[in-house]
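Visitor: I would like to go through the aromatic rings of this model. Please take them one step at a time.

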Amino acid sequence: MIRLNTQFKKGVLELIVLKTIEYKDLYGYQLVTKISEIVDVNEGTIYPLLKRLSNDHLLESYLKESSEGPPRKYYHITPNGIQKLQDLEKEWNEFSAKVNAFLKEVSYHDEK
């Protein structure tokens, strides 16, 4: 797990959430657990984001019975969410490539 700078995390968390549920619907706690394997997050960060993504029609939720207690709210990515994910991935890849190239260039110049 990587401890990201709060501002870095805030900027990339939407991408991570959408990517995490792109192929498999998950309930909130599963999502928090899965994302916590990558970056340090907690429920207080993820649940408000899930609500916002749902309000923006990027996610839909539904209840599913659980053998371990009350029904769980699962999240499913919408067609709008898939488009947003593709846009965010493209932006992230372009941004990170530019930053990595810059960091290499600066390091190279510092060695001379």
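Visitor: Is Tyr27 buried or exposed?
Guide: This is a predicted model, and the answer rests on a computed area. Buried means under 20% relative accessible area. Tyr27 has a relative accessible area of 15%, so Tyr27 is buried.

Visitor: Which class does Tyr74 fall into, buried or exposed?
Guide: The cut-off for buried is under 20% relative accessible area. Tyr74 has 12% relative accessibility, so Tyr74 counts as buried.

Visitor: How many aromatic pairs are there?
Guide: Rings of Phe, Tyr and Trp pair if their centres lie within 6.5 Å. By this rule, the count is three.

Visitor: What kind of aromatic pair do Tyr27 and Tyr74 form?
Guide: Their centres are 5.3 Å apart, and there are 75° between the planes. Planes over 60 degrees apart count as edge-to-face. The pair is therefore edge-to-face.

Visitor: How far apart in sequence are the parts that this pair ties together?
Guide: Tyr27 belongs to strand 1 (residues 26–27). Tyr74 belongs to strand 3 (residues 69–77), so the parts tied together are apart in sequence by 47 residues.

Visitor: What kind of pair do Trp92 and Phe95 form?
Guide: The ring centres of Trp92 and Phe95 are 6.2 Å apart, with the planes at 50°. Planes under 30 degrees apart count as stacked and over 60 as edge-to-face.

Visitor: Which helix holds Trp92 and Phe95?
Guide: The two residues are three residues apart, about one turn of the helix. Both lie within residues 79–111, which is helix 4.

How values were computed: Residues are numbered from 1 along each chain as its sequence is written. This is a predicted model: local features need pLDDT of at least 70, side-chain atom pairs count only at pLDDT 80 or more; totals for chains, interfaces and linings use all residues. Side-chain values use heavy atoms; hydrogens and water are left out. Rings of Phe, Tyr and Trp (its six-membered ring) pair if their centres lie within 6.5 Å; planes under 30 degrees apart count as stacked, over 60 as edge-to-face and the rest as tilted. Helices (H or I, at least four residues) and strands (E, at least two) are DSSP runs, numbered from the N terminus. Buried means under 20% relative accessible area, exposed over 50%, partly exposed in between (1.4 Å probe, protein chains only).
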